[in-house]
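The entries below follow the order in which I looked things up.

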Amino acid sequence: MLVLSVVVIFLYAFSTHRNDVRKVSKPKVEFVGENSLFVTRDNVSKLLIQNSESFKNVPKEALDLNELEKALKSNPMIKSAEVYVAVNGTLNAKVEQKTPVARVCANASYYIDAEGSFMPLSSNYSARVPLVTGYVEKNNLKNVYTIAREIQKDDFLKKHVVEIHQSLDKDIFLKLRQCKFIVQLGGVNLLDKKINNLKAFYLKTTNEGTLNDYSKVNLQFDNQVVCSR
């Protein structure tokens, strides 16, 4: 019995040692979540390689996985990342990319992501999201982000809104697909009520055939829609 125990301990120690010194192979990249178009597997592999020595002859214990995760998360298109080494020596990276909700086209061009943060444009893919124009500051995206998130959640807005415009005094205007008029929301207060008023106006004027008889639809006033021809 004692001999058997010694053999088991020896085999376990030998296996553990061999596993620890196993060389790390080329990284395997897996994208999780719905968005996997802005950063490619090659992009992720290069980030990993740039922040570590060549994997070819690196023992597993020599890799700082936390640092590699930090390197991936430092990419402004990546929301989260998990890096680990499998038993066979394969370096694995699970990456979740950010989700854009609007594209700013003002003094600079970039996306606003689903958490209201800056996200650069990608050379690999262009997202179909509403454009943001006017006076927009990268460090003050709150109002524009609030509207963009509401558009993403609402089927009617997502289908019809193509542009969000912010004026110098922070008033918000919307442009709808195939409509001649602009929608003046004003501030982001009472947003649900304003959107419901817009839907009611759109349905009524569509049924009447008068949708494009107006140049401006003002939703700033409580419980009413003020239209200008």
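Predicted model: local features only at pLDDT ≥ 70, side-chain atom pairs only at ≥ 80, totals over all residues.

**Entry: helix 2 with helix 3**

I recorded an angle of about 135 degrees for the packing of helix 2 and helix 3, and their axes are 9 Å apart. I then listed the residues in contact: helix 2 contributes V44, L47 and L48, and helix 3 contributes L68, A71 and L72. Sorted by class, this contact has six nonpolar residues, with no polar and no charged ones.

Three strands form an open sheet in the order 1-3-2, and their pairing is mixed. I noted strand 1 (28-32) and strand 2 (78-85) as the edge strands, each of which pairs on one side only. Direction ignored, neighbouring strands of the sheet are turned by 20 degrees against each other on average.

I then followed one pairing in detail. Strand 2 pairs with strand 3 (residues 91-97) in the antiparallel sense, over seven bridges. In strand 3, V95 is the residue that A81 stands opposite.

**Entry: helices on the sheet**

Which strands does helix 2 touch? I found that helix 2 (residues 41-50) packs on the sheet and touches strand 1, strand 2 and strand 3. The direction of helix 2 makes about 125 degrees with that of strand 1. Helix 3 (residues 65-73) lies across strand 2 and strand 3, and I recorded about 155 degrees between helix 3 and strand 2.

**Entry: helix 4 with helix 6**

The axes of helix 4 (residues 142-153) and helix 6 (residues 191-208) come within 12 Å and cross at roughly 50 degrees. Helix 4 and helix 6 are therefore oblique to each other. I noted their crossing as right-handed.

Which residues meet here, in helix 4 and helix 6? From helix 4 I listed T146, I147 and E150, which meet L191, D192 and I195 in helix 6. By class, I recorded three nonpolar, one polar and two charged residues in the contact of helix 4 with helix 6.

Terms used:
Residues numbered from 1 in each chain as written. Heavy atoms only, no water. Axes fitted to C-alpha atoms, helices over the stretch in contact; angles between N-to-C directions. Helix = DSSP H or I, 4+ residues; strand = E, 2+ residues; numbered from the N terminus. Parallel < 35°, antiparallel > 145°, perpendicular 65-115°, else oblique. Left-handed = near helix turned anticlockwise from the far one by under 90°. Contact = heavy atoms within 4.5 Å. Nonpolar A, V, L, I, M, F, W, Y, C, P; charged D, E, K, R; others polar. Pairing = 2+ DSSP bridges.
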